[in-house]
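Welcome! Take a moment to look over the sequence and turn the structure around before reading on.

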Amino acid sequence: MCQSNAYLLDGGREELVLEDVALVEVGRDLVKMRKLFGEPVSLRARIREVDLTKNRIVLEKCEEVA
């Protein structure tokens, strides 16, 4: 199977946030990801790039709104 790794881009740095992502659900400023077996991970972020040839998902952190 070809799951992807998800990275969070924050201040020019990429941080690995979840390996072997099988499902991505996108909301307005929320991305929910899940592995095949495991609890979902939700982040206040937007998708910046999906590279299926490299199995990479790059997310961009959303700024908090007061």
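Is R48 buried or exposed? With a relative accessible area of 52%, R48 is exposed, because buried means under 20% relative accessible area, exposed over 50%, and partly exposed in between (1.4 Å probe, protein chains only). Before we go further, please note that this is a predicted model, in which local features need pLDDT of at least 70, side-chain atom pairs count only at pLDDT 80 or more, and totals for chains, interfaces and linings use all residues. Residues are numbered from 1 along each chain as its sequence is written, and side-chain values use heavy atoms, leaving out hydrogens and water.

Let us follow the strands, which are DSSP runs of E with at least two residues, numbered from the N terminus. Strands pair if DSSP finds at least two bridges between them. β2 pairs with β3 (residues 31-35) in the antiparallel sense over five bridges, and the two form a hairpin with four residues between them. Here V26 has V31 in β3 as its bridge partner. V31 also has a bridge partner in β4, namely L43; β3 and β4 (residues 41-43) are antiparallel, with three bridges. In their hairpin, five residues lie between the strands, and G38 takes a positive phi near 160°.

Further along, β5 and β6 (residues 56-61) pair in the antiparallel sense over six bridges, with V50 opposite I57 in β6. Their hairpin has four residues between the strands, and N55 takes a positive phi near 55°.

Now for the charges. A salt bridge is a side-chain nitrogen of Lys or Arg within 4 Å of a carboxyl oxygen of Asp or Glu, and the whole structure holds four. Another joins K61 and D10, whose closest N and O atoms are 3.6 Å apart. That pair connects distant parts of the chain, K61 in β6 and D10 in β1 (residues 4-10), 51 residues apart. D29 and R46 form a further salt bridge, at 3.3 Å between the closest N and O atoms. D29 lies in the loop between β2 and β3, and R46 in β5. Which of these two is buried? D29 is buried, because its relative accessible area is 17%, whereas R46 counts as partly exposed at 44%.
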